[in-house]
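Please read it alongside the sequence and the coordinates.

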Amino acid sequence: MNADDIKQAMNGVRAWNLAADGRSISRTFKFPDFIAAFGFMTRSALIAEKLDHHPDWSNVYRTVAITLTTHDAKGLTELDFSLAAAMDRLAA
Ligand code: H2B
């Protein structure tokens, strides 16, 4: 995606932050407790596997920090925005 594509796509995932280098987007989710956080990760994992597109993420107790990028493309693709939107829906 070029810079214009990315700017457009960011409008659909307003809770996500674009990295300064434009190659990834990140969001930190906070859940009520560990089980809710891990449940979100489990459901996200199933979607990621279906998309064959996988998050870079970490979990500390009830917080899940996620960065999305397309390693194969060394930057952002539509897959990153699809996964971000799916995660937003899961967490809503
Ligand atoms: N996930 C992410 N985030 N980036 C990739 O480039 C990527 C992936 N590539 N999941 C996929 C798997 C690729 O390695 C397989 C072979 O489709």
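In this predicted model, an open sheet of 4 strands is arranged in the order β1-β2-β4-β3, with antiparallel pairing. Its edge strands are β1 and β3, each of which pairs on one side only. Strands β2 and β4 pair in the antiparallel sense over 6 bridges, and F29 stands opposite V64 in β4. The residue ranges of the strands are as follows.

| Strand | Residues |
|---|---|
| β1 | 17–18 |
| β2 | 25–30 |
| β3 | 56–60 |
| β4 | 63–68 |

Helix α2 lies across β2, β3 and β4, and runs at about 160 degrees to β3. Helix α2 (residues 34–51) also packs with helix α3 (residues 78–91), at an angle of about 150 degrees and with the axes 10 Å apart. Because angles over 145 degrees count as roughly antiparallel, that angle makes α2 roughly antiparallel to α3. The crossing in which α2 passes α3 is right-handed. On the α2 side the contact is made by F40, R43, S44, I47, A48 and L51, and on the α3 side by L79, L83, A86, M87, L90 and A91. Sorted by class, this contact of α2 with α3 has 10 nonpolar, 1 polar and 1 charged residues.

I6 counts as buried because its relative accessibility is 8%, where the cut-off is under 20%. Apart from its neighbours within four places in sequence, I6 is in contact with M1, L18, G22, L76 and F81. Between I6 and N17, which are 11 residues apart in sequence, the C-alpha to C-alpha separation is 11 Å.

How values were computed:
Residues are numbered from 1 along each chain as its sequence is written. This is a predicted model: local features need pLDDT of at least 70, side-chain atom pairs count only at pLDDT 80 or more; totals for chains, interfaces and linings use all residues. Side-chain values use heavy atoms; hydrogens and water are left out. Axes are lines fitted to C-alpha atoms, for helices over the stretch in contact, and angles run from 0 to 180 degrees between N-to-C directions. Helices (H or I, at least four residues) and strands (E, at least two) are DSSP runs, numbered from the N terminus. Angles under 35 degrees count as roughly parallel, over 145 as roughly antiparallel, 65 to 115 as roughly perpendicular and the rest as oblique. A crossing is left-handed if the near helix is turned anticlockwise from the far one by less than a right angle, and right-handed if clockwise. Contact means heavy atoms within 4.5 Å. Ala, Val, Leu, Ile, Met, Phe, Trp, Tyr, Cys and Pro count as nonpolar, Asp, Glu, Lys and Arg as charged, and the others, Gly among them, as polar. Buried means under 20% relative accessible area, exposed over 50%, partly exposed in between (1.4 Å probe, protein chains only). Two strands pair if DSSP finds at least two bridges between them.
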